[in-house]
Amino acid sequence: MNIDFERLDESRKILYKIADGIDPINNVPISKESFLNDPRVIRSIFFLVDYIESELAKIPRPKRNKFSITKDQKSKVKFPDGDIGINDIANAINEVIDTRIVKRISGMKINKQLKIIGILCEEKTDDGRVRTITNEKSEGYGISSKVRYFDNRQYEQVVFNDIGKSFILENLERIMSFK
């Protein structure tokens with residue numbers, strides 16, 4: 001069976017946006033009244049996204065090069081409005097690169113590199129886990145920390161404002177080259 005990887009991957013991206021409550025055509029939030037915001041529909045769409053990802057993983061692909069991004073691709077990156085987390089930054093970048101040729105970038109990898117440079121730090125939590133935190137340099141790069149809530153649990157998220165998003169995008173190759 002010959003599966004069109006590009007069409008399947010594009011379908012996955014579109015479904016993921018819909019499940020995330022974003023209109024894939026104009027990138028605005030889907031109306032709260034829409035059937036697409038019904039939890040039963042969202043669960044079904046996420047199931048399809050997972051299924052597509054499992055099928056994509058079965059398709060043999062040529063070895064991909066390390067992460068890179070062209071000037072033209074950078075010009076097409078569209079970050080969500082407002083303060084966003086590192087995974088939102090990575091997702092926006094991955095939307096414009098050709099993942100058949102180059103490896104995807106992850107928020108975890110960008111954070112790791114920002115720690116090497118000294119723009120971010122990490123600390124051990126009481127339960128022995130390690131979490132990423134800001135430091136005295138972070139704010140100058142448009143990076144701060146915000147209190148967020150998930151499942152009635154409070155946590156601090158490192159977020160990037162417009163300055164931070166621009167800094168990451170403009171300096172991406174340099175940031176990713178530190179060892």
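A residue counts as buried here when its relative accessible area is under 20%. The model is predicted, and the cut-off is applied to it throughout.

Helix H4 covers residues 86-94, and its buried residues are Ile 86, Ile 89, Ala 90, Ala 92, Ile 93 and Asn 94. These buried residues pack against H1, helix H5 (107-117), strand E4 (153-160), H6 and helix H7 (172-177). In an α-helix there are 3.6 residues a turn, so residues three or four places apart point the same way.

Ala 92 sits in helix H4 and is buried, with a relative accessible area of 8%. Leaving aside neighbours within four places in sequence, Ala 92 is in contact with Val 77, Lys 78 and Phe 79. The C-alpha atoms of Ala 92 and Lys 78 are separated by 6.1 Å, and the two residues are 14 residues apart along the chain.

Lys 13 has a relative accessibility of 10%, so the residue counts as buried. Lys 58 is 45 residues away from Lys 13 along the chain, and their C-alpha atoms are separated by 17 Å.

Helix H5 holds Asn 111, which is buried, with a relative accessible area of 11%. Not counting residues up to four places away in sequence, Asn 111 touches Ile 86, Leu 120, Thr 132 and Phe 160. Of these, Ile 86 is one of the buried residues of helix H4.

Next come the aromatic residues. The structure holds 2 aromatic pairs. In one of them, the rings of Tyr 16 and Phe 46 have their centres 5.8 Å apart and their planes at 75 degrees, so the pair is edge-to-face. Tyr 16 belongs to helix H1 (residues 5-19) and Phe 46 to helix H2 (residues 39-58), so the pair ties together parts that are 30 residues apart in sequence.

Tyr 141 and Phe 167 form a tilted aromatic pair, with 4.7 Å from centre to centre and 55 degrees between the planes. This pair links distant parts of the chain, 26 residues apart: Tyr 141 is in the loop between strand E2 (130-134) and strand E3 (143-150), and Phe 167 is in helix H6 (residues 162-170). Tyr 141 is partly exposed at 31% relative accessible area, whereas Phe 167 counts as buried at 11% relative accessibility.

The largest pocket has a volume of about 1800 Å³. Its lining has 49 residues, of which Tyr 16, Ile 86, Asn 87, Asp 88 and Asn 91 lie nearest its centre. H1, H2, H4, E2 and E4 each supply at least two residues of this lining, and the largest share, 8 residues, comes from H1. By type, the lining of the largest pocket divides into 18 nonpolar, 11 polar and 20 charged residues.

The second largest pocket has a volume of about 380 Å³. It is lined by 16 residues, of which Lys 66, Phe 67, Lys 109, Met 176 and Ser 177 lie nearest its centre. H5 and H7 are the elements that give two or more residues to this lining, and H5 gives the largest share, 4 residues. The lining of the second largest pocket divides into 5 nonpolar, 4 polar and 7 charged residues.

Technical notes:
Residues are numbered from 1 along each chain as its sequence is written. This is a predicted model: local features need pLDDT of at least 70, side-chain atom pairs count only at pLDDT 80 or more; totals for chains, interfaces and linings use all residues. Side-chain values use heavy atoms; hydrogens and water are left out. Rings of Phe, Tyr and Trp (its six-membered ring) pair if their centres lie within 6.5 Å; planes under 30 degrees apart count as stacked, over 60 as edge-to-face and the rest as tilted. Buried means under 20% relative accessible area, exposed over 50%, partly exposed in between (1.4 Å probe, protein chains only). Contact means heavy atoms within 4.5 Å. On a 1 Å grid over the protein atoms alone, a cavity is a set of points where a 1.4 Å probe fits but cannot get out, and a pocket is an open set with protein on both sides within 12 Å along at least five of seven lines; lining residues have an atom within 4 Å of a point. Grid points are joined across faces, edges and corners, and a volume is the space filled by probe spheres set on the points. Ala, Val, Leu, Ile, Met, Phe, Trp, Tyr, Cys and Pro count as nonpolar, Asp, Glu, Lys and Arg as charged, and the others, Gly among them, as polar.
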